[in-house]
Amino acid sequence: MKAWRVHELGEPGQVLRLDTVERPEPGPRQLVVRVTGAAANFPDVLMCRGLYQVKPPLPFTPGVELCGEVVAVGADVTGIAIGDRVIGGTSLPHGGFAEYALMEAAQTFPAPPALDDAEAASLFIGYQTGWFGLHRRAALKAGETLLVHAAAGGVGSAAIQLGKAAGARVIGVVGGPEKAEYARKLGADVVIDRRTEDFVEVVKKVTDNRGADVIYDPVGGEVYARSTKCIAFEGRILVVGFAGGEIQTAALNHALVKNYSIVGLHWGLYNAYDPAAVAECHRALTRLAADGAIRPLVSERLALADIADGVQRLADGKTVGRVVYTP
């Protein structure tokens with residue numbers, strides 16, 4: 001089979017190589033799928049660079065989430081059969097940027113019938129992260145104001161739709177007019193172009209100086225620091241990641257004086273500590289997709305040959321929404 005593999009660490013466009021390799025075989029509690037959709041995520045970029053917390057042995061195939069058709073199951077796999085259409089996380093080093101990939105049965109779920117393969121491939125990590133962040137960690141309530149940073153990206157776009165589905169007023173922060181238009185299509189009530197506007201001042205203005213009740217921050221650094229200036233009384237700043245490359249130090253005295261919470265979210269831990277909650281989340285997302293409340297907006301569908309270029313453009317911040325490999 002054909003598979004993109006990283007043989008040395010660096011920028012995706014330079015280190016990804018299309019190889020011919022043997023199809024993986026499933027071990028106990030594993031399955032092999034024919035990939036029908038594999039969404040590119042920022043962790044794929046970080047893994048190519050060697051900067052992610054998960055460091056697969058070289059060479060490895062990135063692609064941490066997918067939609068696929070089951071072609072083989074290992075021992076001790078129950079409830080999943082050959083021919084099933086599934087989504088979930090991949091078992092590295094056999095990721096989704098290949099014709100076939102390896103999955104763990106515990107992180108494999110039925111693909112939502114309401115979504116096509118590219119959309120379904122985009123539902124797992126970004127939407128699970130958003131659902132856990134907004135509902136389990138930040139306890140977002142209907143009528144509250146949600147501020148989403150990097151709102152046109154994979155994680156941010158999911159947060160916009162989930163925030164709207166929860167009845168919140170959503171403010172999206174993006175970089176550039178193309179991304180601003182994309183955030184509007186996602187349903188954001190207010191869109192701020194950080195290149196031409198100060199998001200702190202706009203948030204204060206549109207909330208009558210109250211601030212945002214929940215701030216969804218996958219960027220970190222200076223974005224986090226400035227977010228503390230427009231957080232509401234009893235607000236919650238949700239720390240999702242550090243795509244900006246800088247891990248900002250939190251001023252705890254400021255959190256005390258302004259009476260807000262700083263809440264961390266590491267979604268991957270739920271797979272280890274509370275897998276039943278992950279399954280519950282998948283059922284909730286499937287219902288929302290069936291109702292039309294959420295639908296991943298796939299901006300690009302890549303052929304196998306175009307994956308390295310697509311992942312590099314994601315790394316460079318030149319993509320919007322979800323970029324998905326669809327054979």
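Author: Welcome! Let's start with one working rule: two strands count as paired if DSSP finds at least two bridges between them. Keep in mind, too, that this is a predicted model.

Reader: Thanks! What holds the strands of a sheet together in general? And what is the order of the open sheet of 6 strands here?

Author: In general, strands of a sheet pair through backbone hydrogen bonds, in either a parallel or an antiparallel way. In this structure, the open sheet has 6 strands in the order 9-8-7-10-11-12, and the pairing is parallel. Strand 9 (190-193) and strand 12 (261-264) are at the edges; each has a single partner strand, so one side of each has no neighbour in the sheet. From one strand to the next, the twist averages 20 degrees.

Reader: How many bridges pair strand 8 with strand 9?

Author: There are 4 bridges between strand 8 (residues 169-174) and strand 9, in the parallel sense. You can follow the pairing on the structure: Ile 171 has Val 190 of strand 9 as its bridge partner, and Gly 172 has Val 191. Helix 6 (residues 177-186) also packs on the sheet here, touching strand 8 and strand 9, and its direction makes about 165 degrees with that of strand 9.

Reader: Let's turn to helices. At what angle do helix 4 and helix 11 pack?

Author: Helix 4 (residues 125-137) and helix 11 (residues 275-290) pack at about 100 degrees, with axes 10 Å apart. That is why helix 4 is called roughly perpendicular to helix 11. Helix 4 brings Tyr 127, Gln 128, Trp 131, Phe 132 and Arg 136 to this contact, and residues of helix 11 including Val 278, His 282 and Leu 285 meet them. By class, the contact has 8 nonpolar, 2 polar and 2 charged residues.

Reader: And where do the axes of helix 4 and helix 5 cross?

Author: Look where they come within 8 Å of each other; the crossing is at roughly 50 degrees. Helix 4 is therefore oblique to helix 5, and the crossing is right-handed. The residues in contact include Gly 126, Tyr 127 and Gly 130 of helix 4, and Ala 158, Ala 159 and Gln 161 of helix 5. By class, this contact has 6 nonpolar, 4 polar and no charged residues. Helix 4 lies across the sheet strands as well: strand 7 (145-148), strand 10 (212-217), strand 11 (231-239) and strand 12, at about 150 degrees to strand 10.

Reader: Is Gln 161 buried or exposed?

Author: Gln 161, in helix 5 (residues 154-165), has a relative accessible area of 8%, so it is buried. Beyond its neighbours within four places in sequence, Gln 161 is in contact with Tyr 127, Leu 186 and the residues Ala 293, Ile 294, Arg 295, Pro 296 and Leu 297.

Reader: One last stop. How many residues of helix 2 are buried?

Author: Helix 2 (residues 42-49) is mostly covered, with 6 of its 8 residues buried. Among them are Pro 43, Val 45 and Met 47. The buried residues pack against strand 1 (2-6), helix 1 (12-15), strand 2 (16-20), strand 3 (30-39) and helix 12 (307-315). Just after helix 2, Gly 50 has a positive phi of about 75 degrees.

Methods. Residues are numbered from 1 along each chain as its sequence is written. This is a predicted model: local features need pLDDT of at least 70, side-chain atom pairs count only at pLDDT 80 or more; totals for chains, interfaces and linings use all residues. Side-chain values use heavy atoms; hydrogens and water are left out. Axes are lines fitted to C-alpha atoms, for helices over the stretch in contact, and angles run from 0 to 180 degrees between N-to-C directions. Helices (H or I, at least four residues) and strands (E, at least two) are DSSP runs, numbered from the N terminus. Angles under 35 degrees count as roughly parallel, over 145 as roughly antiparallel, 65 to 115 as roughly perpendicular and the rest as oblique. Contact means heavy atoms within 4.5 Å. Ala, Val, Leu, Ile, Met, Phe, Trp, Tyr, Cys and Pro count as nonpolar, Asp, Glu, Lys and Arg as charged, and the others, Gly among them, as polar. Buried means under 20% relative accessible area, exposed over 50%, partly exposed in between (1.4 Å probe, protein chains only). A crossing is left-handed if the near helix is turned anticlockwise from the far one by less than a right angle, and right-handed if clockwise.
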